[in-house]
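Thanks for coming, everyone. Let me bring the structure up, and then we'll walk through it.

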Amino acid sequence: NDESYWKCRIYFSIFIREKIGRKDIKMGLLTFKGGVHPNDGKSLAKDKAIVELLPQGDLVYPLSQHIGAPAKPVVAKGDHVLKGQKIAEAGGFVSAPIYASVSGTVKAIEPRVNPTGSKVNSIIIANDGQYEEVEYPQPKPLSELTKEEILNIIGEAGVVGMGGAGFPTRVKLSPKEPDKIDYIIANCAECEPYITADYRRMLECTKEIVSGMEVVLSLFPNAEGIFAVEDNKKDCVEKLKEAIAGKSRMSVKVLETKYPQGAERQLIYATTKRAIHAAMLPADAGCIVDNVETLIAINQAVRFGKPLMERVVTVSGDDIQNPGNFRVPIGMNHRELVDAVGGFITEPQKLISGGPMMGFAMVTLDAPVTKTSSSILAFQKDEAAEAKETACINCGRCVEVCPSRIIPSRLADLSERHNEEGFVKMNGLECVECGSCSFVCPAKRNLKQAIGSMRKIALANKRK
């Protein structure tokens, strides 16, 4: 029938390509099936050391900068706050508190635009420029802390997944069966083009990353710690190997450089050969994955009693005067980051928060840096908007590169026809929305966007 013919045509083309061979695959490196090789653009900022930036204007703290319930304000308009003071408490078990990253006065609690363009309730603090800081409690040595105490410290410090997901770390580190966790994987891949924040962290803060891994391993006595690094970061591989020399239960694994090597499912498969699907959590496969920046925040909280107040952000793109990497307080305005690099070369057609593959188009620079803000990118041309979409030619390229091993072209068709039942039946929920299919599509179809829209609808209906 037509359906079988269509599938056979796609899979036959993939079979022929695999028989011919892929010259870009490097033997001996860990990886997954599928993926793409976009121009990484990392040369713009990779050699720029991290520079600390202090804000000049007001700071804005969205109460929703993590997965789960919004945080609840514990301050009011007119209150004077110190750096490191809690200004919002967790709004539920899956939530995280928020801390002031400067000293100053609470100007308002009102809706403000976040990097994705949505208006969310936020706390606005007028920076007094004094940076008066609270006295942090003297923490006990790690060896004297119980598992529950460590989890409480991490949760109270407001630590979340800082690679982009924003899932509260305390919840992630509290699986139902902790004794069955075999691997703690440090996501050191940083596969998104242009972003170099984690790369600089690995070079400049190696000991802190390893120390954070030690904290997490103390919660899981049966687990091995893996630092998963792409092979385009050989200097980071050497630094990490030096830092873990003589330490038990830790190893460095080198991955093939391709996108989306840092996606959670693909990273787990590449390093452990354990596969998970949409209905599973990494813990179901005996794994927990944490980002580089998250491990540093864990170390700061447990070893020094400091809450999450800052992060490293890459400012890059072909329209940035002097790209670089900056350690900035959470709540700082993106416009100040752009000013710090000398502004734009021309008026950019595209601004992106995060990476160009999975990030969000920014509608304004007047948005705050949040816990999940890894970069701001500026481009002279909006190539995606300029591309003209044409009809699918059934070439099968989207199937070949899909890391979830699904059929993006078919799923996009079902999505455009609002066929939710067919979409779910063809495993549409397995999509990780990496955008690899859209990247290689010769017809320039918006495959990822169509699939993502239907996926959100299907997941919402499933929850109901």
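How far apart are the mean positions of the positive and negative charges of the protein? They are 5 Å apart, for 60 positive and 57 negative charges. Lys and Arg count as positive here, Asp and Glu as negative, while His and the chain ends are not counted. The place of each charge is NZ of Lys, CZ of Arg, CG of Asp or CD of Glu.

Some ground rules. This is a predicted model, where local features need pLDDT of at least 70 and side-chain atom pairs count only at pLDDT 80 or more, though totals for chains, interfaces and linings use all residues. Residues are numbered from 1 along each chain as its sequence is written, and side-chain values use heavy atoms, with hydrogens and water left out.

Now the overall build. The protein has 15 helices and 17 strands. Those are DSSP runs numbered from the N terminus: helices are H or I with at least four residues, strands are E with at least two. The radius of gyration is 22 Å, close to the 23 Å from the globule rule for 464 residues, so the protein is as compact as a globular protein of that length. That radius is taken over C-alpha atoms, and the rule is 2.2 Å times the number of residues to the power 0.38. Along the principal axes, the C-alpha atoms fill a box of roughly 70 × 50 × 45 Å.

What about cover? Of the 464 residues, 53% count as buried, meaning under 20% relative accessible area with a 1.4 Å probe, protein chains only. Contacts next (heavy atoms within 4.5 Å). Among those between residues at least 6 apart in sequence, 73% join residues at least 24 apart.

Strands pair if DSSP finds at least two bridges between them.

Look at E14, residues 324–329. Five of its six residues are buried. E1, residues 50–52, pairs with E14 in the parallel sense over three bridges. There, Glu52 stands opposite Arg327. E13, residues 310–316, runs antiparallel to E14, joined by six bridges. Val315 stands opposite Gly324 in E14.

Further along, E15 (residues 350–353) and E17 (residues 375–379) run antiparallel, with four bridges.

Methods. Buried means under 20% relative accessible area, exposed over 50%, partly exposed in between (1.4 Å probe, protein chains only).
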